[in-house]
Amino acid sequence: MYRNHDKVPMFRMKPQPGYLAGAIVTLLLGVLLFFEGRRDPGDIPAHERANLILLVSIVISGLLFIIATSKMWFKHLWHDRYR
């Protein structure tokens, strides 16, 4: 993270892989549970729970994606001014 033993950190323009993987896994599990809950066409409460599960998984996945790309949201970290 530090370059040439300086005390100035060097930031890279890459998303954090752990949070990004968590977002993908959360979204995939939400979609799988959504389709599982809507498999029986006569079970209306299961359809409503499936919709809620999909909504919650989309929100959590979106938050994890924002956290994963948080360094990219600040323009003052976009350049290497100490080169």
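Contact here means heavy atoms within 4.5 Å, and on that basis residues 24 or more positions apart account for 59% of the contacts in the protein with a separation of 6 or more.

**View 1. Overall fold of the predicted model.** This is a predicted model, in which the protein has 2 helices and 0 strands.

**View 2. Packing of helix H1 against helix H2.** Two packed helices are described by the angle between their axes and the distance between the axes. Here the axes of H1, which covers residues 17-37, and of H2, which covers residues 44-68, come within 8 Å and cross at roughly 170°. Because angles over 145 degrees count as roughly antiparallel, H1 and H2 are therefore roughly antiparallel to each other. The residues that make up the contact of H1 with H2 divide into 17 nonpolar and 8 polar, with no charged residue among them.

View 3. Helix H2 has 25 residues and reaches 36 Å from its first C-alpha to its last, which is close to the 36 Å expected at 1.5 Å a residue. An α-helix has 3.6 residues a turn, so residues three or four places apart point the same way.

View 4. Ser57 is found in helix H2 and has a relative accessible area of 6%; because buried means under 20% relative accessible area, Ser57 counts as buried. When its neighbours within four places in sequence are left aside, Ser57 is in contact with Thr26 and Gly30.

**View 5. Surroundings of Leu64.** Leu64 also lies in helix H2, and at 18% relative accessibility this leucine counts as buried. Leaving aside the neighbours within four places in sequence, Leu64 is in contact with Tyr19, Gly22, Ala23 and Thr26, and Thr26 is likewise a contact of Ser57. The C-alpha atoms of Leu64 and Leu20 are separated by 6.7 Å, although the two residues are 44 residues apart along the chain.

Note on methods
Residues are numbered from 1 along each chain as its sequence is written. This is a predicted model: local features need pLDDT of at least 70, side-chain atom pairs count only at pLDDT 80 or more; totals for chains, interfaces and linings use all residues. Side-chain values use heavy atoms; hydrogens and water are left out. Axes are lines fitted to C-alpha atoms, for helices over the stretch in contact, and angles run from 0 to 180 degrees between N-to-C directions. Helices (H or I, at least four residues) and strands (E, at least two) are DSSP runs, numbered from the N terminus. Angles under 35 degrees count as roughly parallel, over 145 as roughly antiparallel, 65 to 115 as roughly perpendicular and the rest as oblique. Ala, Val, Leu, Ile, Met, Phe, Trp, Tyr, Cys and Pro count as nonpolar, Asp, Glu, Lys and Arg as charged, and the others, Gly among them, as polar. Buried means under 20% relative accessible area, exposed over 50%, partly exposed in between (1.4 Å probe, protein chains only). The expected span of a helix is 1.5 Å times one less than its number of residues.
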